[in-house]
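Subject: Handing over a structure

Hello,

Here is the structure I promised to pass on to you.

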Amino acid sequence: MVRNRDDLPTLVAQTGPLNGQRWSLGESFLIGRDGDCDLVIPSRQVSRYHARLSVSDKGVLLEDLSSKNGTHRNGDPVDDPIFLQDGDVIQIALAQQFVFISSDATLPLDSPLYNASDLNEKFRLLRLDKRSRRVWVGKVELLPPLSVAQYQLLELLYDNPEQVVTRNEMIQVIWGQEVAVGVSEQALDALIRRLRDRLAAIDVNHIFLITVRGHGLRLENPVQID
């Protein structure tokens, strides 16, 4: 059966020389520096034939082709072929980062995604695209992207608008229940501080993360209609 182009899995470039571009994946998709590759990354850090994506009925398989500087998925090195999940972040050497989208059907062409269930969502000062894990403050995208832990914290607060999220909830979501017991208060405070600094670098005039003493943290995300 011939698949509609909008049903094809997609790569979206984030950080790097190809930022903002996207590719629909065929059955075999070669990434590298060589001009014969399906996706060419113009960087000496990238091997001529660096990585391959293979599309089948089982999913999309990511394989590193014995590259010099490595391929990573969600921060972990790809030593053996691995099937991708929607929203996975792929790093090619230190040159280019991509987000894997399982289907292009709902991916917008020109603007960030927003939650259609909230009519004011697209007018919020801070906006998240959960599929690609991208963050905007006003019209400025937060680059380089947040770390995994920073994004998880921000998404948790973003999903609970006008509500206080307890420190225990934050620790369990970010580090997981099994590890949560061993996570120190200092580790959480350091994570919150780093996230505050990243957001302040874009908009120094607004404090997004509000500490509610004795309770937890709340996201202050006002509507901004130009």
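Alanine 93 counts as buried because its relative accessibility is 4%, and buried means under 20%. Before going further, please keep in mind that this is a predicted model. Alanine 93 sits in the loop between E10 and E11. Its phi is near 50°, which is a positive value in a residue other than glycine. The two strands on either side of that turn make a hairpin, with three residues between them.

Strand E10 covers residues 89–92, and strand E11 covers residues 96–101. They run antiparallel and are joined by four bridges. Another pair to look for is isoleucine 90, which faces phenylalanine 98 in E11.

Which way do the residues of E10 point? Val89 and Gln91 point one way, while Ile90 and Ile92 point the other way. All four of these residues are buried.

How much of E11 is covered? Six of its six residues are buried, so the strand is described as mostly covered.

For E11, the neighbour is strand E1 (residues 10–13), which runs antiparallel to E11 and is joined to it by four bridges. Here valine 12 has valine 99 as its bridge partner in E11.

Two other spots in the backbone deserve a visit. One is arginine 133, which has a positive phi of about 60° although it is not a glycine. Arginine 133 is placed in the loop between strand E12 (126–129) and strand E13 (134–137). Is arginine 133 buried, exposed or partly exposed? It counts as partly exposed because its relative accessibility is 29%, and that class lies between the 20% and 50% limits.

The other spot is the peptide bond from leucine 143 to proline 144, which is cis, with omega near -5°. Proline 144 lies in the loop between strand E14 (140–141) and helix H1 (148–158).

Finally, a few overall values for the protein. It has four helices and 17 strands. Of its 226 residues, 42% are buried. The protein exposes about 12,600 Å², and carbon and sulfur atoms supply 48% of that area. Among contacts between residues at least 6 apart in sequence, 46% join residues at least 24 apart.

Enjoy looking through it, and write back with any questions.

Best wishes

Notes
Residues are numbered from 1 along each chain as its sequence is written. This is a predicted model: local features need pLDDT of at least 70, side-chain atom pairs count only at pLDDT 80 or more; totals for chains, interfaces and linings use all residues. Side-chain values use heavy atoms; hydrogens and water are left out. Buried means under 20% relative accessible area, exposed over 50%, partly exposed in between (1.4 Å probe, protein chains only). Contact means heavy atoms within 4.5 Å. Accessible areas come from the Shrake-Rupley method with a 1.4 Å probe; for residues, only the protein chains shown count as cover. Two strands pair if DSSP finds at least two bridges between them.
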